[in-house]
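I have my notebook open and the model loaded. Let me write down what I look up, entry by entry.

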Amino acid sequence: MFLLIIIVSCFIAQSILPWWIIAPVCLLSGYLFSKSKKQAFWGGFFGIFILWMIKILSLSLPNEHLLANKVGQVFMLPDNQFNWVIILIVSSLIGGVVGGLSCLSGSHFRKTN
Amino acid sequence: MKINLSSFFYFLLTATLVFLLNTKMGSLPPLGKFLDPFNGFWQQAEPRLSETESTLQIKGLKGEVTIRFDENRVPHIEAENEEDLYFAQGYVIARDRLWQLDFQTRFAAGRLSEVIGEKAIDLDRYNRRMGMGFGARNMEAFVTKDPKMKMVLDAYTNGINAYISNLKPKDYPIEFKLLDYKPENWKPINSAYLLKLMSATLAAASNDFYMSNALNKFGPEVIKDLFPNYPFREDPIIPKGTKWDFDPVSIPNAPVETSLNTNIKLDPKEEGLGSNNWAITGNKSNTGFPILANDPHLEMTLPAIWYQNQLTAPGLNVYGVTIPGSPGVIIGFNKEVAWGVTNVGSDVLDWYKITFKDNSKNEYLVENEWRPIKKVVESILVRGKETITETVLYTHYGPIVYMEGEKPEGLPKSNNVPIGYALKWIAHQPSNDIKTFYELNRAKNYNDYRAALLHYVAPAQNFIFASKENDIAITPNGYFPLKWKGQGKFLLDGSKSAHEWKGRVPAEHNPTVKNPQRGFVSSANQFSADTTYPYYLHWEFSGYERGARINRQLAKMDKADVRDFQQLQNDNFSIHAENMRDVLVKNVTVSSLTNREKKALTLFKNWSFRYDAKEIAPSIFEWWHKALAQGIWSDEFTDSKYPMVMPSRDRTVALLISDENAKWYDDIKTNEKESKKDIVTKTFKETIDSLYESYGEIGSKWEWGHVKGTNIPHLAKIVGFGTKTLFTGGSKTAVNAISQTTGPSWKMIVSLGDKVEAFGLFPGGESGNPGSFYYDNMVEKWADGKLNSLYFYERGKSDTKRIKQTISLISK
């Protein structure tokens with residue numbers, strides 16, 4: 001449930017606002033809805049990780065990963081047709097860590113737990 | 001709410017992380033912002049083109065515009081009036097090439113430091129000090145006095161800005177996201193900047209200092225011998241024997257003393273870029289109508305230099321390429337005529353020694369008069385640093401590019417700038433060049449072509465022309481300063497009024513030829529005309545070899561068709577190699593060779609003079625003749641204090657063919673006296689050694705396609721956004737003048753007639769987005785020497801199967 005709240009609320013917020021909106025949204029969700037610190041972190045982490053990964057695949061699959069493979073080279077990876085996997089994972093991880101940490105911060109403001 | 005140390009700590013940790021991921025660090029983009037799929041680079045991952053129709057509402061249109069995209073994503077823009085047409089052209093170019101528009105304008109205007117920081121400061125200073133802004137402002141002021149051209153520029157500007165104003169940050173091209181900055185609104189002066197950039201690329205070569213140094217060292221006799229004002233071999237653009245149909249105006253007399261002492265450090269000038277165009281009359285073609293070809297060569301980059309489009313409005317239907325930022329079509333065709341350009345290497349840039357009255361540098365001398373210096377302040381904004389403010393001194397000639405202590409160390413571009421000299425340059429001249437293209441786009445016949453050329457100033461081009469009425473013509477055209485013979489070959493003295501440019505060669509007197517006897521016209525950057533032409537344009541042009549090859553092949557053609565033209569565009573035959581092979585082989589002392597060297601020499605001896613990708617001989621020849629030229633000249637012409645330019649390829653060939661015992665063969669750094677045979681053999685052995693060190697034993701790695709290593713980099717050299725290495729043939733002395741990073745930036749063949757048929761492509765794609773399938777989709781075909789059939793749309797007449805997408809623009 002907590003995971004779903006993160007995914008849905010961040011999806012809506014990100015559709016209109018810059019990327020960093022995930023931090024206050026997750027922070028607030030963590031404060032309001034998390035049941036434990038562990039749940040807060042992993043809920044935030046996987047919420048954003050999954051959201052970003054799905055969004056990325058929806059863009060990159062029809063592009064046949066043309067751009068992601070080139071961006072791999074921009075980040076010093078060798079010219080390789082699987083660069084996109086690395087860029088996909090790094091992107092989702094960065095989103096996930098921000099989401100997780102934000103939820104965890106939110107949960108630290110809770111009086112219980 | 002509970003606020004304690006741990007909640008505070010986690011909050012701060014999160015906030016810091018978000019801040020860092022939102023900040024650009026060094027060359028890294030802000031990672032969170034960049035990798036975010038909702039607004040970051042993933043948004044530029046475009047799907048393949050799907051067949052769709054759509055309608056967009058846009059503010060600023062008068063009527064309806066239809067844009068049809070063909071299978072190569074070339075837009076065919078149809079508007080109800082001209083204003084809407086140029087508006088839509090601006091809109092579409094912004095949609096496809098927004099970052100390129102921004103970056104190239106910033107480059108020309110000296111504003112790169114604003115976005116890439118202090119590493120661009122020297123470059124920005126250089127472009128500002130060369131007077132790029134001075135020239136662009138002069139041009140804008142002049143063009144906008146012409147109401148029609150003002151309408152065109154304004155409509156085009158509004159179109160670009162209409163696109164920009166609808167953009168959300170997620171839509172910004174990927175380079176904006178990588179470099180973390182925003183597009184800004186377009187201004188009409190930006191179009192002027194882009195045209196000035198063409199002058200900077202094509203009309204800014206200058207050997208004046210090297211020549212002055214060489215003159216000081218060797219004296220006028222040697223200079224006359226080694227740097228003649230007309231080459232040993234030539235095949236000029238205007239055929240020899242063409243009568244000049246005008247009475248020349250009086251030409252200024254050369255002053256007695258024209259050289260100055262210099263002490264400037266310089267690097268050798270690079271060989272020109274190489275462009276070709278030609279046309280045949282109906283008598284030589286299989287259709288009975290003219291066929292015209294053009295392939296302008298440039299330093300190739302991605303996004304592509306050119307943009308293909310078709311523009312249709314009442315009274316106008318033209319197809320061709322333009323430079324993003326320049327309205328209309330620069331090279332192209334309509335139903336009646338076709339035209340193209342190659343560069344004219346005329347001398348339109350000179351340096352004047354300035355004599356100041358005193359250290360305040362407020363006045364300078366011209367004859368007996370002290371004239372005021374104008375001081376112009378340039379402010380360079382630098383990302384993350386303080387703004388740099390500096391003063392540039394302007395004379396009536398132009399800016400003094402660098403004073404003592406102002407010239408940067410690490411900027412090769414600036415090496416050819418003499419310190420304390422004012423720059424007189426055609427790019428500063430007020431001009432209305434876009435009017436030439438505006439009128440050519442609408443031209444119906446030869447007279448329209450001639451009238452259109454009169455507006456053109458710079459960079460001077462060989463305008464080739466063919467019409468359905470079976471006229472062909474070529475005109476080396478632009479503003480040619482009226483000079484004494486050899487004026488500006490060396491540095492000039494700004495205190496002497498005799499050294500000034502004395503106006504221009506009347507535009508009607510520019511060399512031209514219509515329907516010559518031989519049935520064809522052509523150009524390949526060589527001399528515009530032979531020595532009977534009364535005006536002086538320059539002492540040195542690109543080598544004659546490509547031009548001569550084109551003329552040789554055209555002379556043989558009968559009932560020629562598009563395929564013959566295509567073959568000639570792809571022709572790797574080098575007349576330079578033909579001139580040199582046997583004389584080189586004859587002068588190698590075979591007894592001194594190793595087995596490997598003997599094998600290489602046999603390969604070379606049997607070479608057919610073609611720079612084909614799979615040949616090994618061109619790799620040997622290319623390295624050898626460079627080493628040989630160095631070997632002959634560099635001992636005499638190297639001086640760390642007074643650098644010079646080496647004699648031309650033409651002069652070197654003349655020496656090797658006709659001079660057995662010239663003193664230049666001797667290496668003055670050794671005690672022995674070297675002969676021609678010694679130096680030819682020595683450099684051959686060195687060449688084979690170097691090739692062996694780089695590519696191992698003689699084998700497939702020695703093939704020219706590998707050794708040359710052609711590739712097309714990204715405009716900002718972003719790794720991954722350029723092409724891989726392309727296996728191509730070609731040489732600067734062959735018609736197919738592909739070098740490592742220069743080559744035919746657009747290839748076009750137009751067959752005129754009742755129905756115009758055209759073929760063409762450029763090394764790139766229509767889109768400027770590295771995430772699009774149309775970013776570099778034509779590169780492979782280009783490397784294979786193939787062409788696309790160009791879709792010329794006519795309402796109600798054309799097969800609409802090739803239209804893949806239609807966008808209607810309607811007023812909001």
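**Entry 1: two helices side by side**

I began with a pair of helices in chain B: α15(B) and α18(B) are roughly parallel to each other, since angles under 35 degrees count that way, while those over 145 count as roughly antiparallel, 65 to 115 as roughly perpendicular and the rest as oblique. Before going on I noted that this is a predicted model, where local features need pLDDT of at least 70, side-chain atom pairs count only at pLDDT 80 or more, and totals for chains, interfaces and linings use all residues. Residues are numbered from 1 along each chain as its sequence is written, and chains are lettered from A and ligands numbered from 1 in the order in which they are written.

I looked up the geometry next: α15 (residues 575-586) and α18 (residues 649-658) of chain B pack at about 30°, with axes 10 Å apart. Axes here are lines fitted to C-alpha atoms, for helices over the stretch in contact, and angles run from 0 to 180 degrees between N-to-C directions. Helices (H or I, at least four residues) and strands (E, at least two) are DSSP runs, numbered from the N terminus. The crossing of α15(B) and α18(B) is left-handed (the near helix is turned anticlockwise from the far one by less than a right angle; clockwise would be right-handed).

Which residues in α15(B) meet α18(B)? I found B:H576, B:N579, B:M580 and B:V583 on the α15(B) side, and B:R649, B:V653, B:L656 and B:I657 on the α18(B) side (contact: C-beta atoms, placed from the backbone, within 7 Å). By class, this contact has 5 nonpolar, 2 polar and 1 charged residues. Ala, Val, Leu, Ile, Met, Phe, Trp, Tyr, Cys and Pro count as nonpolar, Asp, Glu, Lys and Arg as charged, and the others, Gly among them, as polar.

**Entry 2: a helix pair in chain A**

I then turned to α1 (residues 2-16) and α2 (residues 22-33) of chain A, whose axes come within 10 Å and cross at roughly 150°. That makes α1(A) roughly antiparallel to α2(A). The crossing of α1(A) past α2(A) is right-handed. Residues of α1(A) that meet α2(A) include A:F2, A:I5 and A:I6, and their partners in α2(A) include A:I22 and A:V25. The residues of this contact divide into 9 nonpolar, 3 polar and no charged.

**Entry 3: the sheet of chain B**

I counted along an open sheet of 11 strands with mixed pairing, in the order β1-β26-β2-β3-β7-β8-β9-β10-β17-β18-β20 (chain B). Two strands pair if DSSP finds at least two bridges between them. The edge strands are β1 and β20 (513-514) of chain B, each pairing on one side only.

What does β26 (residues 803-811) of chain B pair with? I found β1 (residues 52-58) of chain B running parallel to β26(B), joined by 7 bridges. Strand β2 (residues 65-70) of chain B pairs with β26(B) in the antiparallel sense over 6 bridges.

**Entry 4: where the chains touch**

I noted that the contact takes 37 residues from chain B and 32 residues from chain A. On the chain B side, α1(B) gives the largest share, 9 residues. That side divides into 22 nonpolar, 11 polar and 4 charged residues.

Terms used:
Two residues are in contact if their C-beta atoms, placed from the backbone, lie within 7 Å.
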